[in-house]
Amino acid sequence: MSKPDELLVDIATLVESGRSNQMSLTVVTNGGVITGRLAPEAVWRKRVSDVLTDSARIGEFSAAFNAPVKEDEPPTHLHFHVARILQGTVGIPETGGMYRVAIADVSAWTVGDFSYSDH
């Protein structure tokens, strides 16, 4: 396992502090590109839990996302919301999704997110 980028850990720590959920980031991980905004883990877990709770087929999985977040350790993951996986000239899903990415798996990153336009 590679050593996580200290600057990226610092960014994740600031997001976890809850000061803002407006930090946009684009990362490359295992050959894929994910772009979107970061959220604190607790907020991300709550949003995923809410979506699952509303599902008739997979609602029982919502409880897995209600576990307390470990706040006494540096973040190990980035929690994206309103995010897309970039594939060719499209972002999937078009409306944005929820993704969890291990910081140690990020091979490249940049501040900001990418969007597409037909113009």
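E41 sits at 14% relative accessibility, so it counts as buried (buried is under 20% relative accessible area, exposed is over 50%, and partly exposed is in between, with a 1.4 Å probe and protein chains only). This is a predicted model, where local features need pLDDT of at least 70, side-chain atom pairs count only at pLDDT 80 or more, and totals for chains, interfaces and linings use all residues. Residues are numbered from 1 along each chain as its sequence is written, and side-chain values use heavy atoms, with hydrogens and water left out.

**Salt bridges**

Side chains of opposite charge can pair when their charged atoms come close. Here a salt bridge is a side-chain nitrogen of Lys or Arg within 4 Å of a carboxyl oxygen of Asp or Glu, and that rule gives 4 of them. The table has some of these pairs.

| Pair | Closest N to O distance |
|---|---|
| E41 and R100 | 3.2 Å |
| D50 and K46 | 2.7 Å |

E41, R45 and R100 are tied together in a network of salt bridges. E41 and R45 are both in helix 2, 4 residues apart, about one turn of the helix (helices are DSSP runs of H or I with at least four residues, strands are runs of E with at least two, and both are numbered from the N terminus). Like E41, R45 is buried. The pairing of E41 with R100 links distant parts of the chain, as helix 2 holds E41 and strand 4 (residues 90-102) holds R100, 59 residues apart. R100 has 38% relative accessibility, so it is partly exposed.

D50 and K46 are also 4 residues apart in helix 2, which means about one helical turn separates them. D50 is partly exposed at 33%, and K46 is partly exposed with a relative accessible area of 49%.

**Pocket and cavity**

Rolling a probe the size of a water molecule over the atoms shows where empty space is left. The largest pocket has about 360 Å³ of space. Of its 17 lining residues, E41, V69, K70, E71 and E73 are the closest to its centre. Helix 1 (6-16), helix 2 (41-53) and strand 3 each give two or more residues to that lining, with helix 2 supplying the largest share, 3 residues.

On terms: the search runs on a 1 Å grid over the protein atoms alone; a cavity is a set of points where a 1.4 Å probe fits but cannot get out, a pocket is an open set with protein on both sides within 12 Å along at least five of seven lines, and lining residues have an atom within 4 Å of a point. Grid points are joined across faces, edges and corners, and a volume is the space filled by probe spheres set on the points.

There is 1 cavity of 30 Å³ or more. The largest cavity has a volume of about 30 Å³, and its lining is A12, V15, E16, L38, A39, H77, L78 and H79. Helix 1 and strand 3 each provide at least two of the residues in that lining.

Most residues other than glycine have a negative phi, and most peptide bonds are trans. N30 has a positive phi near 50 degrees; N30 is in the loop between strand 1 (24-29) and strand 2 (32-38) and is exposed at 71% relative accessibility. V82 also shows a positive phi, about 50 degrees, without being a glycine. V82 belongs to strand 3 and is partly exposed at 39% relative accessibility.
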